[in-house]
Amino acid sequence: MISRQIIRRVATSRNAAMSTLVVAELNQSQISGPTLATVTAANKIGGDITMLVLGSQAGPAAEAAAKVAGVKNVLHAADPKYDHFVAEEVAELLIAAQKASNYSHVLAPSSNASKNYLPRAGAKLDTAPISDILAVIDKDTFLRPTYAGNAIAQIKSKEAVKLITVRPTGFEKAAAEGGNASVSPAPEAPTVGKSTFVSEEVSKSERPDLSSARVVVSGGRGLKSGENFEMLYKLADKLGGAVGASRAAVDAGFVPNELQVGQTGKVVAPELKTIVAINKDEEAPIFQVADYGLVDDLFKVVPELTEKI
Amino acid sequence: MKVLVPVKRVVDYAVKIRVEPSGVDLKNVKMSMNPFCEIAVEEAIRLKEKKVATEVVAVSIGPKQSQETLRTALAMGADRGIHISTDMRTDQELQPLAVAKLLKEIVIKEDPKLVICGKQSIDADAAQTGPLLAGLLDWSQGTFASKVAIEGESAHVTRETDAGIETLKLCLPAVVTADLRLNEPRYATLPNIMKAKKKKIEILDAESFGVDLTPRIEIVEVKEPASRKAGIKVTSVDELVDKLKNEVGVI
């Protein structure tokens, strides 16, 4: 029995060429920044990369996907049932794609969407998924944060197919131009119909997306009110950045929850890896990680800073 | 309808952890119910208070001390508990897929119409158990829920997305995972803590389910994150602007 298992395992590893499916997230019909970072993670794993685009925009998005450097094939599933990444439907599509092409890795940018459908697909494929990788060591070995990022685990997956969400801040974005992939329709998947999309409320913002902004101006409880966040918006606009918030600021109703930064909110890693802290409490823990700290009243400092840059 | 609430015992969120190569040091560390599980328990109890749920069953997988976590759920208002006992470390050895498989067995045994769990545990940070369980059961799923309304045979679940919020209509039975803003969990009062001591906890052995619990993912090593080099304090906005312009070229 054991020897048979070993033989089978050796046979599979010999036969299965490395190949990665990257599930794309879109901005309109463009490939999102986090998806481009996921392509870089796929490149580090090695093997051919196929990108899956899904939803009503899949037609034009497939053209954009074909141009992404490093992508060899593009599959499109141009069905509106995939528009809101309803987990039951997307999981079936992934299973159909996996059965058709037997990928060694399936990658998606870490998001509430991928954390919804990827484990469901994992259950049906009897494969333990891996959340939020920060780095690729080799095709089986990755780094991922645990304990709110206070411990970094090096993990090794024994699974034949690795389902992975990629923390985009760990990887450079692949070039959106320069590729020349072939485009074909994704395998058909049955409609589950157990969950249906009813409505959505999307926060409208002219500012760059928090998870990919080059500069983030973040406010906490010290802002005292929602109106006072105006001050941060002004500074962010001047820097071409996004505004984020602590859990305390979100819970106090100053700003909507999608601005929350941290373990239960968004992970940000702006290009400028410089942390500036403005806090009137000299002992505030933020000063232990800040590159530049200014102990002063933010109501005085922020407008002055906005004016001087 | 019956509601099943899986709860996990984790290192208390306020503890500053000690990292060792084999894993985070769990000796003599304060442990508590995972904060997202508290929110799940609260939601189940509110459904009972609205007469939507008839019984709330809490289940926890882990060492003997997981019974304390179950007692907390019982003191909050859960009706009874199930302890699935194992010596495996639940932050790294006993992994979400195995947990979901054990929970599936409990679902088959207990036949709930709704499972509410937390969106993630704050130790492993995987955010997988809920959707894995839904997949194993082939049930509908509503993850990252900030609002749950049961209407007949369906659940309207408002979920937090990357861009805002969305509402889904799920056919029951379903698995829902609780996000931070679903509710504000109540504190257990002393009389309720006393009453909880009389509530029943059924004890089962994880090995007795015939589920393969072998970790599929090996933890090679655990390290502390790279520390940042010490920064400096500036004394004025002018100095800050100067540093940002001339030292780092940020602006």
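**Cysteines, an annotated domain and a helix pair**

At 5% relative accessibility, B:Cys37 falls under the 20% cut-off and therefore counts as buried. This comes from a predicted model, as does everything below. B:Cys37 takes part in no disulfide, and the nearest cysteine sulfur, that of B:Cys117, sits 7.6 Å away, whereas a disulfide would need the two sulfur atoms within 2.5 Å. B:Cys171 is likewise in no disulfide. For B:Cys171 the nearest cysteine sulfur is again that of B:Cys117, this time 19 Å away. With 38% relative accessibility, B:Cys171 counts as partly exposed. Over all chains, the disulfide tally comes to 0.

On chain B, an unreviewed UniProt entry lists residues 21–213 as "domain: Electron transfer flavoprotein alpha/beta-subunit N-terminal". In the model, that stretch of chain B is 30% helix and 32% strand.

Turning to chain A, two helices are worth a look as a pair. Helix α6 (residues 229–239) of chain A and helix α8 (residues 298–308) of chain A have axes that come within 9 Å and cross at roughly 25°. That angle is under 35 degrees, so α6(A) and α8(A) count as roughly parallel to each other. Their crossing is left-handed. On the α6(A) side, the contact is made by A:Met231, A:Leu232, A:Lys234, A:Leu235 and A:Lys238. Facing them from α8(A) are A:Leu298, A:Phe299, A:Val302, A:Pro303, A:Leu305, A:Thr306 and A:Glu307.

Terms used: Residues are numbered from 1 along each chain as its sequence is written. Chains are lettered from A and ligands numbered from 1 in the order in which they are written. This is a predicted model: local features need pLDDT of at least 70, side-chain atom pairs count only at pLDDT 80 or more; totals for chains, interfaces and linings use all residues. Side-chain values use heavy atoms; hydrogens and water are left out. UniProt positions are given in the numbering used here, feature names are shortened, and annotations may be inferred rather than shown by experiment. Helices (H or I, at least four residues) and strands (E, at least two) are DSSP runs, numbered from the N terminus. Buried means under 20% relative accessible area, exposed over 50%, partly exposed in between (1.4 Å probe, protein chains only). Axes are lines fitted to C-alpha atoms, for helices over the stretch in contact, and angles run from 0 to 180 degrees between N-to-C directions. Angles under 35 degrees count as roughly parallel, over 145 as roughly antiparallel, 65 to 115 as roughly perpendicular and the rest as oblique. A crossing is left-handed if the near helix is turned anticlockwise from the far one by less than a right angle, and right-handed if clockwise. Contact means heavy atoms within 4.5 Å.
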